[in-house]
Protein chains: 2
Amino acid sequence: MKYIEKLRNSGLRPTKQRLQICEVLFDTKQTFHFTINDLAKKIKDQLDNRISLATIYNTVHAFEKKGYLKQIPINSNQTYFDTNISDHHHFYDLNEEKLIDLENSDVGPINIKRKINGKKIKSVEVLVKLED
Amino acid sequence: MKYIEKLRNSGLRPTKQRLQICEVLFDTKQTFHFTINDLAKKIKDQLDNRISLATIYNTVHAFEKKGYLKQIPINSNQTYFDTNISDHHHFYDLNEEKLIDLENSDVGPINIKRKINGKKIKSVEVLVKLED
DNA sequence: ACACCTTTTTAGAATCATTATAAAGTAAAT
DNA sequence: ATTTACTTTATAATGATTCTAAAAAGGTGT
Ligand SMILES: [Mn+2]
Ligand SMILES: [Mn+2]
Ligand SMILES: [Zn+2]
Ligand SMILES: [Zn+2]
């Protein structure tokens with residue numbers, strides 16, 4: 001019930017599937033990073049009914065477009081998403097292939113001195129790769 | 001002839017294909033960004049003989065492993081590589097889907113204050129997304 | 001409730017970048 | 001020259017993602 005308004009306000013119909021995906025994604029103490037496959041597993045575990053993979057893809061992309069999820073730029077065969085939509089950065093542990101949040105406050109202010117004509121900055125993201 | 005030593009020193013046999021790919025990649029005034037497909041096109045245009053796609057993949061990965069190429073972390077269905085292996089950053093023009101180098105000197109020094117136990121920092125990369 | 005229209009879900013097929021396979025070719029070592 | 005290890009290649013396989021089109025569900029007005 002708590003996500004019905006959120007979806008309506010975004011012009012998305014609050015379907016049973018979308019509401020359930022909202023619960024899996026946003027009813028958590030901690031934000032988290034996931035691939036579509038991670039999410040599909042989580043949904044299968046946490047819910048009694050199944051949701052088709054196509055719907056999971058559709059929903060994740062819809063939520064991303066609306067700004068409820070962010071994509072994390074990283075080199076992987078799978079796309080990583082983040083339920084933490086605040087401005088922040090990431091560690092990427094190359095050995096464990098795991099993402100770790102790096103808060104804005106843990107990185108000095110980033111000053112982009114160069115401008116590109118006619119373009120404005122949409123985001124500034126730092127990726128710190130870690131190894132043992 | 002100029003890449004034979006480079007390859008030998010890396011433990012890579014200087015085959016005809018690898019030497020030709022070296023020429024396409026490194027015999028340029030400017031460094032550049034590319035996908036495997038870009039590179040395959042370039043090879044077809046610049047060379048008289050053809051090189052199989054499998055070899056292009058193999059070679060690019062071998063060169064990356066040896067540090068002659070870098071992968072650029074970005075969300076795309078294709079993997080982007082960079083012949084500029086210096087420490088540097090990138091603009092990504094979302095509208096034109098184009099990468100632009102952003103020199104280290106164009107970004108203030110980045111100070112990662114948080115440490116992860118037992119891990120050391122391998123790289124720090126900034127991605128600045130641009131829109132119109 | 002019902003009719004009507006739009007959006008959404010779904011199974012399954014298609015796409016396409018990338019990786020795997022295994023046989024033939026080449027470079028290096030003995 | 002023979003042997004050995006590495007490399008190239010055509011081709012198949014893989015797997016994440018997107019597409020398709022038909023069925024289901026939501027929303028609106030009556
Ligand atoms: Mn991707
Ligand atoms: Mn990729
Ligand atoms: Zn995050
Ligand atoms: Zn670059």
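This is a predicted model: local features need pLDDT of at least 70, side-chain atom pairs count only at pLDDT 80 or more; totals for chains, interfaces and linings use all residues.
Local features were taken at pLDDT of at least 70 and side-chain atom pairs at pLDDT 80 or more, while totals for chains, interfaces and linings use all residues; side-chain values use heavy atoms, with hydrogens and water left out. Residues are numbered from 1 along each chain as its sequence is written, and chains are lettered from A and ligands numbered from 1 in the order in which they are written.

The interface between the chains was examined by contact, meaning heavy atoms within 4.5 Å. Chain A gives 39 residues and chain B gives 39 residues. Together they bury about 3500 Å², with 52% of it on carbon and sulfur atoms. Buried area is the accessible area (1.4 Å probe) that two parts lose on being put together, summed over both. In chain B, the residues that lose the most area to chain A are B:N75, B:R114 and B:K119, together 17% of what that side buries.

Charged pairs also link the chains. A salt bridge is a side-chain nitrogen of Lys or Arg within 4 Å of a carboxyl oxygen of Asp or Glu. Chain B and chain A share 8 salt bridges. In one of them, A:K119 pairs with B:E96, and the closest N and O atoms are 3.7 Å apart. On the side of chain B that touches chain A, β6(B) supplies the largest share, 12 residues. Strands (E, at least two residues) and helices (H or I, at least four) are DSSP runs numbered from the N terminus. That side of chain B holds 17 nonpolar, 9 polar and 13 charged residues. Here Ala, Val, Leu, Ile, Met, Phe, Trp, Tyr, Cys and Pro count as nonpolar, Asp, Glu, Lys and Arg as charged, and the others, Gly among them, as polar.

Strand β6 (residues 120-131) of chain A runs antiparallel to β6(B), and 11 bridges join them. Two strands pair if DSSP finds at least two bridges between them. One bridge partner of this kind is B:V124, which faces A:V128 in the pairing.

DNA strand C was considered next. A residue is near a strand if one of its heavy atoms lies within 4 Å of it. DNA strand C is surrounded by 21 residues, and the closest are A:T15, A:R18, A:R50, B:Y57 and B:T79. Of the atoms of DNA strand C within 4 Å of the protein, 79% are from sugar and phosphate. For B:R8, a polar side-chain atom lies 3.1 Å from a phosphate oxygen of DNA strand C. A:Q17 places a polar side-chain atom 2.8 Å from a sugar or linking oxygen of DNA strand C. Among the elements, α4(A) gives the most to this surface, with 3 residues.

DNA strand D also has 21 residues around it; A:Y57, B:T15, B:Q17, B:R18 and B:R50 come nearest. Sugar or phosphate makes up 77% of the atoms of DNA strand D within 4 Å of the protein, and bases make up the rest. A base nitrogen of DNA strand D is 3.4 Å from an N or O atom in the side chain of A:R13. A polar side-chain atom of A:Y57 lies 2.7 Å from a phosphate oxygen of DNA strand D. The most residues on this surface, 3, come from α4(B). By class, the surface near DNA strand D has 6 nonpolar, 10 polar and 5 charged residues.

How values were computed: A polar contact is a pair of N or O atoms within 3.5 Å; within protein, one must be able to donate a hydrogen and the other to accept it, and residues adjacent in sequence count only if both atoms are side-chain atoms.
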